[in-house]
Every structure is written in structure tokens, then in C-alpha cells.
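Here is a friendly walk through one protein model, written for someone meeting it for the first time. Have a look at the sequence and the structure below, and then read on.

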Amino acid sequence: MPDTPFKNYNAPSGLVYLHNTTVRTGKVRAAMLHYDDQPVRNAIFYNNLFLGNGGRAIESWGNYIGCTLDYNGYTEGPVAYTKDGKKIKVNGLQAFVQASGLERHHVVVTPGVFAKNVEFPKDRDRHDPPPDLRLKRGAIAVDAGIVLPNINDDFAGKAPDLGAYERGAALPVYGPRQKDPR
């Protein structure tokens, strides 16, 4: 994605982000990006993978009020984030944990976590087929998530995987489905 994967605009509240995978590049190079100055309230982010191309791990221009971020994977980089009115600008994810109390269980990821080669988008106007974003065996994001009752109860291994796909599970079917011939 060349722009923001999530449109947290117009002062939203109660957003739930679970098991997403984003691979993004763009003018503002950040793995997790929110460039609206409106506040985001009461959002939760768990078990996501946020990969960015050579910029910040997290870049937010808005104030995240009462929000929880944990058990996510990020490309390493500086962080600019506002938590409950307190601006946090630090040089990396460990410093962000110390300054914010968030992301105590994060992992640092690269495109090497995927089973197949995944490249950052080069041209925002080109529409390539979607990449295969399944995790490779032994990747740091495998079994790095938290159990979310009624969401990821069917995980394989010691814990849920980060990102959109549980390693070893069948890929979901997107788009029209065949009707049952019965």
C-alpha cells in the first residue's frame, strides 16, 4: 500500500484491528501510519503485522486516547505517537515500550517472515496481483500472538500467529463462492 492502510479519520472510537497484515511504502514511510490530526479513541490493535519500507515503525499525527497496542509485529524504526495527550518521539520500538507502556509483547519483522518473496510496492498506480503473505516456518511472527476468544481459537502451535494468516491453515476464499450443488 502506498498510503494509509487504515482510515482512522474523523475522530473514530471503538476501532478493532485484529490479525491484519500490511506491507506499505509511500511518501511517509512508516509501517503503521495515521496522518490525521483528529483523535482516535478506544481502539485495540492485536496480532497484526505492520511492515514499512525504511521509515518509522509507527507514525501518528493524532492523539490515541484509551487505545491498546500489543502483540503486533513492526518493521524497526523510530516512533512518533501521541498517547492520551502525551507526545512520544523515540528512536525505536524498545524505547516506545518504555515511554508508553504499550507493545510490551511486540516483535520486529522484515519481509523475510513470509514464505514467499514479498517486495514493497514501488509504484502507487500499478496494480500487481496480491502477494502471498503467509508466514514461513520458524518466522518470529509464528506463535507470537495472543489468544482472542471466539476470534482465533483454532490456532495451530503454542499461540496464534501474527498477521492475516495462521501458518498451515487453508487460505480463505475471497470473492464469489461456488454454490453447493445439493
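## A pocket, a sheet and some rings

Sixteen residues, written here as 16, line the second largest pocket, and those nearest its centre are Asp-154, Ala-164, Tyr-165, Glu-166 and Ala-169. This is a predicted model, in which local features need pLDDT of at least 70 and side-chain atom pairs count only at pLDDT 80 or more, while totals for chains, interfaces and linings use all residues. Residues are numbered from 1 along each chain as its sequence is written, and side-chain values use heavy atoms, with hydrogens and water left out.

A pocket here is an open set of points on a 1 Å grid over the protein atoms alone where a 1.4 Å probe fits, with protein on both sides within 12 Å along at least five of seven lines; lining residues have an atom within 4 Å of a point. The second largest pocket holds about 270 Å³ of space, a volume being the space filled by probe spheres set on the points. Its lining is made up of nine nonpolar, four polar and three charged residues.

Now to the strands, which are DSSP runs of E with at least two residues, numbered from the N terminus. Three of them form an open parallel sheet in the order S1-S5-S8. Strands S1 (16-18) and S8 (68-70) are the edges: each has a single partner strand, so one side of each is left without a neighbour in the sheet. On average, neighbouring strands in this sheet are turned by 5° against each other, direction ignored; the axes behind such angles are lines fitted to C-alpha atoms. Three bridges connect S1 with S5 (residues 44-46), where two strands count as paired if DSSP finds at least two bridges between them.

Which residue in S5 stands opposite Tyr-17? It is Phe-45, and these two residues return among the aromatic pairs.

Rings of Phe, Tyr and Trp (its six-membered ring) pair if their centres lie within 6.5 Å; planes under 30 degrees apart count as stacked, over 60 as edge-to-face and the rest as tilted.

| Pair | Kind | Centre to centre | Between the planes |
|---|---|---|---|
| Tyr-17 and Phe-45 | stacked | 4.7 Å | 20° |
| Tyr-81 and Phe-96 | edge-to-face | 5.3 Å | 80° |

Tyr-81 sits in strand S10 and Phe-96 in helix H1 (residues 93-100), so their pair ties together parts that are 15 residues apart in sequence. A helix is a DSSP run of H or I with at least four residues. Buried means under 20% relative accessible area, exposed over 50% and partly exposed in between (1.4 Å probe, protein chains only). Tyr-81 counts as buried at 2%, and Phe-96 does at 0%. Tyr-17 is buried at 10%, and Phe-45 at 0%. Ring pairs link Tyr-17, Phe-45, Tyr-64, Tyr-81 and Phe-96 into a cluster.

Strand S10 (residues 79-83) also runs antiparallel to S11 (residues 86-90), joined by five bridges. Thr-82 has Lys-87 in S11 as its bridge partner. The two strands form a hairpin with two residues between them.

Most residues other than glycine have a negative phi. Asp-84, in the loop between S10 and S11, has a positive phi of about 50° although it is not a glycine. Asp-84 is partly exposed, with a relative accessible area of 45%.

Conventions: Ala, Val, Leu, Ile, Met, Phe, Trp, Tyr, Cys and Pro count as nonpolar, Asp, Glu, Lys and Arg as charged, and the others, Gly among them, as polar. Axes are lines fitted to C-alpha atoms, for helices over the stretch in contact, and angles run from 0 to 180 degrees between N-to-C directions.
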